[in-house]
Amino acid sequence: MRKLAFLLRPKWLVLAAVVLAFAFLCFSVLAPWQLGKNTSTSERNDLITRSVDADPVPISDVLTANGFPAEDEWRRVIAPGSYVADSDVLVRLRSIRDQPAYEVITPFVIDGGPTVLVNRGYVLPVEGTRAPEFEAAPAGEVTLNARLRQAEGTSREPVEDDGRLQVYNINPEQIGAAVGVDAVDGYLQLDDAQPGGLGLIELPQTDAGPYLSYGLQWLAFGIMAPLGLAYFARAEIRERRNSRAELADAMSGEPDAEPEFGPEDEEEFTLPTRREKRARARAASRSTTPSDPRLADRYGKNR
């Protein structure tokens, strides 16, 4: 256990805490978040795909006084009834083809049934963000071809702007209370060329998106983080073991013996004789004597 004692130092404890917290978030928050979005997107895509090929059914077959089941969202229905006059509501902060837009919601009384909100489509703002004028819903009996949609949550209270009631979400309870109707949970989204229809809101793309790959990546990160910590800890243990081994070898080894030289390896050193000194001096004098003929005429030849 002494080999692992360094793991109890503050820097290693902090590193381990960070790694474990990150792995916990990957497995408990980040990966489930992305995988959950992938599941909901896949379910929505399945509902849209089935609704495209399915024949519309009377709304009375699926809609009750309390709304309709979630598995019936995007289902095409036929709804006879009449719009409630002077009860339009604008939904703010919408985007259509990357452009800011308003969606127009109008209550609709179903023949022999409850009241349901109808999303009539979108209108584009004018003069910046000001809501434009748009055509009122037709009076009298009409028959709508539409798709069932689930209600949205609420984020802010309704506001009055430019003489029109405006909301931030399509929530039947909030909108119904604001305009004085009792609307069921859920709403209708009009198909193309319907009575009272405005700009057509197209079906969302049935693309699964990157959520599955993102979820798998977070799972991989959650696995790799502890493995990385274990790798660095093992490398530290190995480095410490090698350092101890080198220190032990240095302490137990004998010092290197100095090389011995025999008499045959030593060079004999003798002082130069007087004759050798004179010979070396003459050689030095000849190497430094000018050799140019003009200098030789002036100073005489070498002797």
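pLDDT is the predictor's confidence in each residue, from 0 to 100. The protein averages 82 on that scale, and 84% of the residues score at least 70. This is a predicted model, in which local features need pLDDT of at least 70 and side-chain atom pairs count only at pLDDT 80 or more, while totals for chains, interfaces and linings use all residues. Residues are numbered from 1 along each chain as its sequence is written, and side-chain values use heavy atoms, with hydrogens and water left out.

One stretch calls for caution. Over residues 263-269 pLDDT stays under 50. There the model has one contact (heavy atoms within 4.5 Å) beyond four places in sequence. Where pLDDT is low, the predicted coordinates should not be read in detail.

Now the overall layout. The protein has five helices and nine strands. Helices (H or I, at least four residues) and strands (E, at least two) are DSSP runs, numbered from the N terminus. Along the sequence the pattern reads α-β-β-β-β-β-β-β-β-α-β-α-α-α. Of the contacts with a separation of 6 or more, 68% are between residues 24 or more positions apart. Buried residues make up 30% of the 303 residues. Buried means under 20% relative accessible area, exposed over 50%, and partly exposed in between, with a 1.4 Å probe and protein chains only.

Start with helix H1, residues 10-53. Its expected span is 1.5 Å times one less than its number of residues. For 44 residues that gives 64 Å, and the end C-alpha atoms are 64 Å apart, so the two agree. H1 also bends by about 45 degrees at Cys26. The bend is the angle between axes fitted to the seven residues ending there and the seven starting there. Cys26 is itself buried, and other buried residues of H1 include Trp12, Gln34 and Ser51. Their cover includes strand S2 (76-83), strand S6 (141-149) and helix H3 (211-252).

Next, the strands. Two strands pair if DSSP finds at least two bridges between them. Strand S4 (residues 99-110) has nine of its 12 residues buried, so it is largely enclosed by the rest of the structure. S4 runs antiparallel to S2, with three bridges; Ser82 is partnered with Val109. S3 and S4 are antiparallel too, joined by six bridges. Leu90 has Val104 as its bridge partner there. In their hairpin, two residues lie between the strands, and Arg97 takes a positive phi near 50 degrees. Eight bridges link S4 to the antiparallel strand S5 (residues 115-123). Pro107 stands opposite Leu117. The S4 and S5 hairpin has four residues between the strands, and Gly112 takes a positive phi near 70 degrees.

S3 (residues 89-96) also pairs with S8 (residues 164-167), in the parallel sense, over two bridges. S8 in turn pairs with S7 (residues 159-161) in the antiparallel sense, over three bridges. Glu160 faces Leu165 across that pairing. Two residues separate S7 and S8 in their hairpin, where Asp162 takes a positive phi near 55 degrees.

Finally, look at Arg149 in strand S6. Is Arg149 buried or exposed? Arg149 is buried, because its relative accessible area is 15%. Its side chain makes a polar contact with that of Glu73 at 3.2 Å. A polar contact is a pair of N or O atoms within 3.5 Å; within protein, one must be able to donate a hydrogen and the other to accept it, and residues adjacent in sequence count only if both atoms are side-chain atoms. Not counting residues up to four places away in sequence, Arg149 also touches Phe68, Trp74, Gly186, Tyr187 and Gln189.
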